[in-house]
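Keep the viewer open as you read.

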Amino acid sequence: MTKETVEKVVIFFAGDSGDGIQLTGSQFTNTAALYGNDLSTFPDFPAEIRAPQGTLAGVSGFQISFGSTEIFTPGDECDVLVVMNVAALKANINRLKKGGAIIVNTDGFDKRNLKLAGFDEDKNPLLDNSLSDYRVNEMNIIKLTRECLVDVSLGVKEKDRCKNMFVLGFVYWMYNRSLDHTIEFLNQKFKNKPDVLDANIRVLKAGYNFANTCEISSTRFEVKPAKMALGNYRNIMGNQATAIGLIAASQMSGLDLFYGSYPITPASDILHELAKHKNFGVRSFQAEDEIAAISACIGASFGGALGVTATSGPGIALKGEAIGLAFMLEIPLVIVNVQRGGPSTGLPTKTEQSDLLQAVYGRNGEAPVPVVSASTPSDCFESVMEACRIAIEHMTPVFFLSDGYIANGAEPWLYPQSKDLKKISVPMSKVNNTDYLPYKRNEKFVREWAIPGMSGLEHRVGGLEKENLTGNVSYDSNNHEFMVKTRAKKVDEIANYIPNQELDAGSKNAKVLVLGWGSTYGAIKTAVKELLNEGYSVAHTHLRYINPFPKNLESLIRKYDKVLIPEINNGQLIKLIRDKYVVDAIPMNKIQGIPFEAREIKNQIIELHDGE
Amino acid sequence: MENKEYTAKDFSSDQEVRWCPGCGDYSILKQVQSVMPLIGVPKENIVFISGIGCSSRFPYYMETFGMHSIHGRATAIASGLKAARPDLSVWIITGDGDSLSIGGNHLIHLLRRNFDTNILLFNNQIYGLTKGQYSPTSEKGKKTKSTPMGSIDHPFNPLALCIGADATFVARSMDRDPKHLREMLIRSNDHKGTSLLEIYQNCNVFNDGAFFGMTDKATKMNQTLFLENKKPLVFGENKDKGIRLEGFKPVIVSLNDFSLEDLWVHDENDRVKAGLLTRFFDADFPRPFGVFYCEKRPTYEDALVQQIEDAIEVKDKGDLDSLLKGSNTWTID
């Protein structure tokens with residue numbers, strides 16, 4: 001047996017959506033994280049919870065890239081493909097690099113599975129030499145799992161359900177990983193089911209030992225811990241970071257968090273996470289529909305809470321009128337959009353960045369709403385806190401944009417301590433303030449907040465146009481124009497309270513600037529880093545604040561001859577940039593429900609760089 | 001507790017009331033303002049939330065906190081407000097279009113959740129603000145601008161709908177009976193849970209006389225039935241008619257043939273009989289007014305606060321640093 005040290009590995013786990021692939025992937029992720037690797041993950045699952053077994057539609061996948069070097073994406077090509085059946089192989093073989101390893105559960109390659117995956121019975125890819133470019137490790141995982149549990153009193157179905165642990169144990173051995181974290185996890189998960197617990201641990205160990213003793217896998221790989229910034233780390237997924245960020249914003253502002261939401265993929269996990277933390281005073285409310293969810297948040301904010309609602313594109317479409325109301329009332333409200341493939345129901349479990357224009361423009365009347373976006377799973381934390389800060393300090397609804405890719409993706413997070421977090425100041429009026437006028441504004445054009453219970457400050461607000469200062473209903477034409485412009489100025493003014501746009505990599509004299517936003521960060525970062533190492537003249541800047549843009553954005557992008565804007569949509573940020581700055585930026589678009597690969601961006605930059 | 005400091009005038013805002021002259025809304029506003037000093041709540045703790053429609057201008061005229069929101073959503077907004085602020089007295093002003101058409105979904109969910117709020121449903125059986133289209137409570141065959149050949153919609157029976165949604169308090173009153181209306185407003189306020197008070201309100205511009213038979217001297221005694229708890233169901237010009245239950249079938253009888261002991265005795269806590277009463281909805285039976293049904297059931301906001309307290313009891317008050325840290329961490333040094 002040989003032992004080989006490698007810098008970076010990409011593994012793709014694939015199987016039926018009932019095979020426990022996501023759990024296998026996330027266990028491997030946590031173990032790699034605890035070991036000290038840098039990593040990035042990308043779960044890829046079908047929209048159906050249990051699509052027909054053995055079919056291509058039912059394949060669930062989980063990709064992880066981990067290494068001793070910095071990792072910014074789940075990787076372009078895979079080094080290892082783990083497949084539980086032939087459909088999983090067929091759906092994902094194109095992800096595997098030439099010479100890569102395939103770990104095959106042969107039980108998933110029988111006649112039935114071949115037929116379900118659309119193969120002729122006699123065209124078994126394990127037998128027809130079509131995999132000769134790869135190193136194939138075959139094992140009958142079902143048989144091995146059952147043999148390992150032969151003296152256990154569980155039913156066959158329950159035994160078979162342990163098969164993902166066999167795979168996990170096998171891969172742990174390949175990468176020289178400890179089983180401790182997963183055993184601890186199983187102890188928690190099955191603490192009330194001792195026989196299931198015992199079976200899972202036995203199968204996990206059996207997989208590990210099988211890899212050790214059998215001869216199919218002759219190489220063991222070492223991926224050393226990454227050299228990362230000093231400090232304390234944890235592993236985090238985007239939706240989890242969003243939920244924690246909301247609680248942090250509640251604590252930093254002193255406002256109770258009210259979270260109203262209607263279940264929708266891929267945003268529901270934020271609701272699940274927040275519902276676990278009621279001991280932080282979180283009031284989570286599963287509403288009867290998307291409109292009720294945001295309306296309840298408006299009611300809560302009106303009462304002095306921090307109202308937050310989260311959804312995905314279709315839900316935002318339903319919430320539009322209520323966002324306009326919050327804008328008109330000028331109360332704090334955060335609207336989270338975990339974007340997915342659209343339009344309409346679109347691709348619920350796939351990622352896309354196609355709701356940017358909806359966030360910026362999608363309301364009746366002149367109703368500009370600030371937009372903040374997150375670029376990585378852990379960045380959701382800080383970005384959503386910023387969205388809350390702007391909402392509260394500037395008394396306005398704010399959009400926070402995440403997407404399916406970063407919401408479900410994971411990475412190590414150098415987590416902060418509460419003492420390092422910025423306080424959020426609440427523009428609350430004072431009881432019996434005799435000068436109080438509901439729509440009198442400070443130098444930021446922000447009105448003072450008076451909530452029920454504050455004696456002497458009783459007043460009425462509503463969606464009808466308001467008279468300046470008093471907030472009384474007004475149909476006066478000049479007042480309307482004044483108020484429309486004042487509300488717009490209030491949002492523009494926020495540019496003075498956000499940081500300037502900085503370069504993420506490269507110099508101000510570079511030939512090409514890559515301007516990104518949201519979850520394209522990792523792919524752009526990887527591409528630009530490699531190109532800089534190769535001597536190309538390229539720079540990268542990544543937007544968190546999209547409305548308003550940072551004050552210096554125009555001067556920054558004007559320094560470059562060529563500005564490339566990669567987006568997972570048909571060109572949305574580029575419309576805003578062209579409109580606002582009349583800069584002829586160059587679009588790069590992918591609309592396949594999956595993220596960019598770094599090499600795609602790299603090739604595009606090279607083409608621009610070397611072209612005229 | 002009665003708050004002696006307030007008079008009805010203290011609840012009148014400085015805004016000019018702009019309903020059509022003769023609108024039933026004026027009377028309702030007046031009764032609400034006169035009841036407010038009696039409920040014993042400091043006015044800064046009172047909130048009126050409305051949707052869209054003629055009646056929904058109501059909050060502008062009340063010297064309390066208020067929100068004139070968007071069409072159909074007052075019930076949902078009030079739910080969030082009450083969840084965040086259980087200490088407030090929350091009143092929802094809505095109409096038949098607002099609560100039964102565009103906002104129907106939120107109404108039934110508010111009722112089943114039982115937030116302690118008071119819904120005043122102004123039912124004028126017409127869309128007034130949009131100038132006279134039929135509403136979900138308009139009678140079938142109604143000729144309006146949008147139904148020149150008569151409407152073909154079967155109308156909602158609002159109280160039957162609310163009983164069906166497991167409302168814990170269901171009552172009916174009308175604009176033209178100030179005394180009864182005040183009584184019902186106080187009962188609504190006193191009920192802990194969602195109170196649904198339907199108020200028949202005359203739109204003298206687009207649907208004048210919709211409830212004429214129930215308000216006109218000549219007919220009202222025969223066409224109305226005023227419910228009183230533990231009292232037999234008696235009505236008629238000379239209190240000479242009653243309602244008997246024959247099995248589950250209500251029957252109108254003459255008190256010449258039957259005595260009071262033979263009649264159906266109203267029981268506010270009987271859901272099945274309340275359901276039957278809501279079905280007194282056609283010309284054969286007098287229309288009931290008063291409290292149909294009243295039930296004690298825990299409110300949503302109390303259960304929500306209880307869960308927070310329980311969570312703190314079990315896990316201690318949330319510590320942000322341990323949340324940030326999570327359960328699996330490693331250090332690079």
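Leu543(A) has 22 C-beta neighbours inside 10 Å, so Leu543(A) counts as buried. Please bear in mind that the model is a predicted one. Leu543(A) belongs to strand β19 of chain A, which covers residues 538-543. Leaving aside residues up to four places away in sequence, Leu543(A) touches Ser373(A) and Trp517(A).

Now zoom out to chain A as a whole. Chain A is divided into domain 1 (2-222), domain 2 (234-420), domain 3 (427-498) and domain 4 (512-610). The C-alpha centres of domain 1 and domain 4 of chain A are 36 Å apart. Even so, 4 residues of domain 1 of chain A are in contact with 7 residues of domain 4 of chain A. On the domain 1 side, that contact has 1 nonpolar, 2 polar and 1 charged residues.

Next, a pair of helices in chain A. Two packed helices are described by the angle between their axes and the distance between the axes. For helix α4 (residues 141-148) and helix α6 (residues 163-174) of chain A, the angle is about 100° and the axes are 9 Å apart. That angle makes α4(A) roughly perpendicular to α6(A). From α4(A), the contact uses Ile141(A), Ile142(A), Leu144(A) and Thr145(A), while α6(A) brings Lys163(A), Phe166(A) and Val167(A). By class, this contact has 5 nonpolar, 1 polar and 1 charged residues.

What about the nonpolar cores? The largest has 189 residues, of which Cys388(A) and Val170(B) touch the most other members. Not counting residues up to four places away in sequence, Val170(B) touches Leu159(B), Cys162(B), Ile163(B), Leu196(B), Ala274(B), Phe292(B) and Tyr293(B). There is also a second, separate core of 59 residues, which includes Val10(A), Leu114(A), Phe166(A) and Ala199(A).

That brings us to chain B. Chain B has 333 residues, of which 45% count as buried, and its secondary structure comes to 11 helices and 12 strands. Along the principal axes, the C-alpha atoms of chain B fill a box of roughly 95 × 50 × 45 Å. Among the contacts in chain B with a separation of 6 or more, 65% involve residues 24 or more positions apart.

Where the two chains meet, 52 residues of chain B and 58 residues of chain A take part in the contact. On the chain B side, the elements that each supply at least two residues include β2 (65-68), α4 (104-113) and α10 (300-315). The largest share of that side, 8 residues, is from α2(B). By class, the chain B side divides into 23 nonpolar, 17 polar and 12 charged residues.

Finally, some backbone details to check. The peptide bond from Thr265(A) to Pro266(A) is cis, with omega near 0°, and Pro266(A) sits in the loop between β10 and α10 of chain A. A cis bond also runs from Asn547(A) to Pro548(A), with omega near -10°; Pro548(A) is in the loop between β20 and α18 of chain A. Leu469(A) has a positive phi near 70°, and with 12 C-beta neighbours inside 10 Å, Leu469(A) counts as exposed. In chain B, Lys230(B) has phi near 70° and lies in the loop between β7 and β8. Lys230(B) is exposed because 8 other C-beta atoms lie within 10 Å.

Methods
Residues are numbered from 1 along each chain as its sequence is written. Chains are lettered from A and ligands numbered from 1 in the order in which they are written. This is a predicted model: local features need pLDDT of at least 70, side-chain atom pairs count only at pLDDT 80 or more; totals for chains, interfaces and linings use all residues. Domain bounds come from an automatic or database domain assignment. Ala, Val, Leu, Ile, Met, Phe, Trp, Tyr, Cys and Pro count as nonpolar, Asp, Glu, Lys and Arg as charged, and the others, Gly among them, as polar. Axes are lines fitted to C-alpha atoms, for helices over the stretch in contact, and angles run from 0 to 180 degrees between N-to-C directions. Helices (H or I, at least four residues) and strands (E, at least two) are DSSP runs, numbered from the N terminus. Angles under 35 degrees count as roughly parallel, over 145 as roughly antiparallel, 65 to 115 as roughly perpendicular and the rest as oblique. A nonpolar core is a set of buried Ala, Val, Leu, Ile, Met, Phe, Trp, Tyr and Cys residues joined through C-beta atoms within 7 Å. A residue is buried if 20 or more other C-beta atoms lie within 10 Å of its own, exposed if 12 or fewer, and partly exposed in between; C-beta atoms are placed from the backbone.
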